[in-house]
Amino acid sequence: MTTARPTNYWDYIRVEDLLALQGGLEQDDAKLANDEVLFVTVHQVFELWFKLVLREMRSARDLFTHDPVAEQELSGAVHSLKRIATLLRMCTHHWEVMETLSTREYLAFRDKLMGASGFQSAQLRQIEILFGLNEKERIPLGLEGDYKQALRAFGGGASPALVRVERQLADMPTLKDAIDAWLFRTPIDGHGPTAPRAKAELDRFVESFLASHARCVDAARDRALALDFGKGDRERLRERYEGEKRATRAFLEPAAADGGERTRRIRCAMVFIETYRELPLLAWPREVLDALVEVEQLFVVFRQRHARMVERIIGRRTGTGGSAGVDYLDQTALTYRIFRDLWAVRTLQIPRAAAPQLEHAEFYGFKSGE
């Protein structure tokens, strides 16, 4: 019988290998200034955080590909999403380390980076793809060709970065697709998409919710109009509140071009879960939706913080990879949104007391023996 060999800290996390990786192009950090070693190290740490984000995102995605998704497994998905949120928060704070680098200090070695760009972070592109960013919504980097062109090796050949991204594009579904499929199957007032009279029951829920929503909007309008506004402002207020009602109906009755009945059921599932979150079997689904919003919010904040860090250090120079620099980063922060419908649901939520009465609330209670 052999005894397990004792493990020490430096072997377990491979400290010596890790500390030998900050040498940049010279492959020897003793030949570099502290500022360049900091620059290399910060970006290496980012890549390690991205690796963990990808692992958690895949875990959450894989859970939602099950049909059905067991209620007791949703806590695991929330755990993964919460960890992703924490990692993104750490990444955002990590820019503070970069901001200890002044413009002149950075310019001393920036020419070495010509041709390189943070855009070439394959793992960040993988996160976007796996999260569910629509390829048609990608913002041009500022050069000819699609974004994958920037991931090719010089000369146009394949690179490790391109291989990673191509593999990710083949690894479907995305997290958004898996979440949408789960929401589509969600029973609304006890009726799933394959139940008898599924469409009629969905119609009934939509109309009852729209009526309750309209009453809430009208009450808010009346309170606003009781204030001391001029005639023109009062007319604008009336139209603004009427616009809220029209937008809510349009959201819950999407046109065929916007996904028709499938999109309608997914959006209604979001509204249903948020409106009746106190029901036992909707508690964890609501936590899932809330965690998704938190993750996306932190991803947006990460992009915004990245842009401000770049502007602080190099202003609005053209990026080393040929991109539009800060302008490109600002556009991604503004445009790259995945769960737009989930954010839109915040606009049309109503107070708990105003929610229409369900006909099958018992469907969402704990069952005996469970």
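By how many helical turns are Glu128 and Arg125 separated in helix α6? The two residues are three apart in this helix and are therefore separated by about one helical turn. The pair is taken up again below, after an account of the model as a whole.

The structure is a predicted model, in which local features require a pLDDT of at least 70 and side-chain atom pairs count only at pLDDT 80 or more, whereas totals for chains, interfaces and linings use all residues. Residues are numbered from 1 along each chain as its sequence is written, and side-chain values use heavy atoms, with hydrogens and water left out. The mean pLDDT (the predictor's confidence in each residue, from 0 to 100) of the protein is 93, and 97% of the residues score at least 70. Among the elements, the highest mean value, 98, belongs to helix α8 (residues 175-185), and the lowest, 91, to helix α13 (residues 326-335).

The protein contains 14 helices and zero strands; both kinds of element are DSSP runs numbered from the N terminus, helices being H or I with at least four residues and strands E with at least two. Along the principal axes, the C-alpha atoms fill a box of roughly 75 × 70 × 35 Å. Of the 370 residues, 42% are buried, where buried means under 20% relative accessible area, exposed over 50%, and partly exposed in between (1.4 Å probe, protein chains only). Contacts are heavy atoms within 4.5 Å; among those with a separation of 6 or more, 75% involve residues 24 or more positions apart. The protein exposes about 20,300 Å², of which carbon and sulfur atoms supply 54%; accessible areas come from the Shrake-Rupley method with a 1.4 Å probe, and for residues only the protein chains shown count as cover.

Helix α6 (residues 122-131) is mostly covered, as ten of its ten residues are buried. These residues, including Leu124, Ile127 and Phe131, pack against α3 (34-64), α7 (160-170), α8 and α12 (283-314). The helix is followed by Gly132, which has a positive phi near 125 degrees.

A total of 47 salt bridges was found in the whole structure, a salt bridge being a side-chain nitrogen of Lys or Arg within 4 Å of a carboxyl oxygen of Asp or Glu. Glu128 counts as buried at 2% relative accessibility, and Arg125 counts as buried at 3%. Both residues belong to a network of salt bridges that also links Glu135, Arg138 and Arg303. A further salt bridge joins Arg61 and Asp62, at 2.6 Å from N to O; Arg61 is buried at 4% relative accessibility, whereas Asp62 is partly exposed at 36%. Arg312 and Glu99 also form a salt bridge, with their closest N and O atoms 3.3 Å apart. Because Arg312 lies in helix α12 and Glu99 in the loop between α4 (74-98) and α5, this pair ties together parts that are 213 residues apart in sequence. Arg312 is exposed at 57% relative accessibility, while Glu99 is buried at 15%.

The structure also holds 18 aromatic pairs, defined as rings of Phe, Tyr and Trp (its six-membered ring) with centres within 6.5 Å; planes under 30 degrees apart count as stacked, over 60 as edge-to-face and the rest as tilted. The ring centres of Phe39 and Tyr106 are 5.5 Å apart and their planes lie at 25 degrees, so this pair is stacked. Phe39 in helix α3 and Tyr106 in helix α5 (residues 103-110) are 67 residues apart, and the pair links distant parts of the chain. Phe39 is buried, with a relative accessible area of 14%, and Tyr106 is buried as well, with 8%. Phe119 and Tyr328 form an edge-to-face pair, because their planes lie at 70 degrees, with the ring centres 5.8 Å apart. Phe119 is in the loop between α5 and α6 and Tyr328 in helix α13, so parts that are 209 residues apart in sequence are tied together. Both of these residues are buried.
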